[in-house]
Amino acid sequence: MISLRLQPYTNVKPNECPSLPFPPLSCPSRFSPLNLSRRRIAPRLIIRAMDTTQHFDYESHLSQRLTKSTKLKIAIVGFGNFGQFLAKTLVKQGHTVFAHSRSDYSEKAAELEVSFFKDADDLCEEHPDVILLCTSIISTEFVLRSLPLQRLKRNTLFVDVLSVKEFPKSLFLQILPQDFDILCTHPMFGPESGKESWKDLSFVYDKVRIGNGESRELRCERFLDIFKNEGCRMVGMSCAEHDRHAAESQFITHTMGRVLEKSSLHSTPINTKGYETLLNLVDNTTSDSFDLYYGLFMYNKNAMEQLERLVLAFESLKTELCGHLHDLLRKQLFGKAEEGVERPGDRMLLPELPQNGSLLFSRSENTNKERSYFF
Ligand SMILES: NC(=O)c1ccc[n+]([C@@H]2O[C@H](COP(=O)([O-])OP(=O)(O)OC[C@H]3O[C@@H](n4cnc5c(N)ncnc54)[C@H](OP(=O)(O)O)[C@@H]3O)[C@@H](O)[C@H]2O)c1
């Protein structure tokens, strides 16, 4: 198969190279076979193709196939904080990146070498291989339902990066046509924690639905390769399992960061390493939007239980501290008087004191009464 096309070109003077996409034959060319033959071709012809692909040109065939299979056309939907953060790496790795968002990010996109589409129809008509959903958790359903899916290729791969996983999985399965592939992912890092590098940072994924066929499997692998290539720790895990772990780890981390922010921590001249860690935690978690935090709570059914455990843990810790104070005060007040009194257990002091009739409970049973006694 020969892709060399010659076309008359009349306005070229001998030895002159006009600013055309391709040089006329009289220009120096790096393709020596063409140079050799150019005297036999009329000088008024120009080459409209830079290379000739012939059926024996295996190198060219192979390189074309390789390029096609490794590089993807990826459309980011939701070009906020996290969408832009991901775009930098996608572009760096040579993928073609499009973006669409509620707000106009044309300028920001141009800086990042991303093509921005204000209109979702135009974006979908580019027929991306992958739609990468980076919207806030709470707007995901609205955004997904407003995409003109009919304009996409019949077997487009849908990927999400939401910090909760069961929710987008069930949304995708409900809304997307059967022919679309679904990959649910969660990069366990963000613009702060992944600022320098993604090396050894966890990337969780669940291949929810990848259709049969080499090209569809390959496309999914190519997408995962983006994170593998950056050195991420790839963790295949079901969406349900992710949400159980994330409520214990991520939701608690964000909650602690926000609690500490509310208590207005400041850097001091004598910060310990531990305190520095807390200050960093506040920075890391509060730079994310409140929508994100709210999404972690609302759209992960395990989050409420974790919040309640946290509140109980605070209560119990406070009770324990107050209990020690209680013991100390009692020793000071009644030290001598209590000597020789038999104590069935370390935590059964009060029931044996008739003068304090209102406190006839062990400390662990009646924490509230004790507290009102002291404060
Ligand atoms: N930040 C992280 O560290 C991190 C890490 C892993 C995963 N994620 C996930 O990545 C996603 C994006 O996170 P983010 O940090 O960029 O902040 P976010 O506040 O969770 O989401 C911001 C994005 O959602 C869009 N959006 C919000 N409300 C919308 C609405 N009503 N209609 C249409 N679009 C709406 C915004 O569009 P406009 O900007 O155009 O308004 C923006 O693109 C989230 O699902 C989050 O869970 C984030």
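Biologist: What's the handedness of the crossing of helix 9 and helix 12, left or right?
Modeller: Right-handed. Keep in mind that this is a predicted model.

Biologist: Okay, at roughly what angle do the axes cross?
Modeller: Roughly 55°, and the axes of helix 9 and helix 12, which spans residues 303-338, come within 10 Å. That makes helix 9 oblique to helix 12.

Biologist: Which residues make the contact?
Modeller: From helix 9 you have Ala247, Glu248, Phe251, Ile252, Thr255 and Met256, and from helix 12 there's Ala303, Gln306, Leu307, Leu310 and Phe314. By class, that contact has 8 nonpolar, 2 polar and 1 charged residues.

Biologist: And helix 11, how does helix 9 pass it, left-handed or right-handed?
Modeller: That crossing is left-handed. The axes of helix 9 (residues 239-262) and helix 11 (residues 290-298) come within 10 Å and cross at roughly 135°, so helix 9 and helix 11 are oblique to each other.

Biologist: Who's touching whom there?
Modeller: Gln250, Phe251, His254, Thr255 and Arg258 of helix 9 meet Phe290, Leu292, Tyr293, Leu296 and Phe297 of helix 11.

Biologist: And how many nonpolar, polar and charged residues does the contact of helix 9 with helix 11 have?
Modeller: It has 6 nonpolar, 3 polar and 1 charged.

Biologist: Switching topic: how many disulfides does a search of the whole structure find?
Modeller: The search comes back with 0.

Biologist: What about Cys220, buried or exposed?
Modeller: Cys220 has a relative accessible area of 1%, so it's buried. Cys232 counts as buried too, at 9% relative accessibility, because the cut-off for buried is under 20%.

Conventions. Residues are numbered from 1 along each chain as its sequence is written. This is a predicted model: local features need pLDDT of at least 70, side-chain atom pairs count only at pLDDT 80 or more; totals for chains, interfaces and linings use all residues. Side-chain values use heavy atoms; hydrogens and water are left out. Axes are lines fitted to C-alpha atoms, for helices over the stretch in contact, and angles run from 0 to 180 degrees between N-to-C directions. Helices (H or I, at least four residues) and strands (E, at least two) are DSSP runs, numbered from the N terminus. Angles under 35 degrees count as roughly parallel, over 145 as roughly antiparallel, 65 to 115 as roughly perpendicular and the rest as oblique. A crossing is left-handed if the near helix is turned anticlockwise from the far one by less than a right angle, and right-handed if clockwise. Contact means heavy atoms within 4.5 Å. Ala, Val, Leu, Ile, Met, Phe, Trp, Tyr, Cys and Pro count as nonpolar, Asp, Glu, Lys and Arg as charged, and the others, Gly among them, as polar. A disulfide is a pair of cysteine sulfur atoms within 2.5 Å. Buried means under 20% relative accessible area, exposed over 50%, partly exposed in between (1.4 Å probe, protein chains only).
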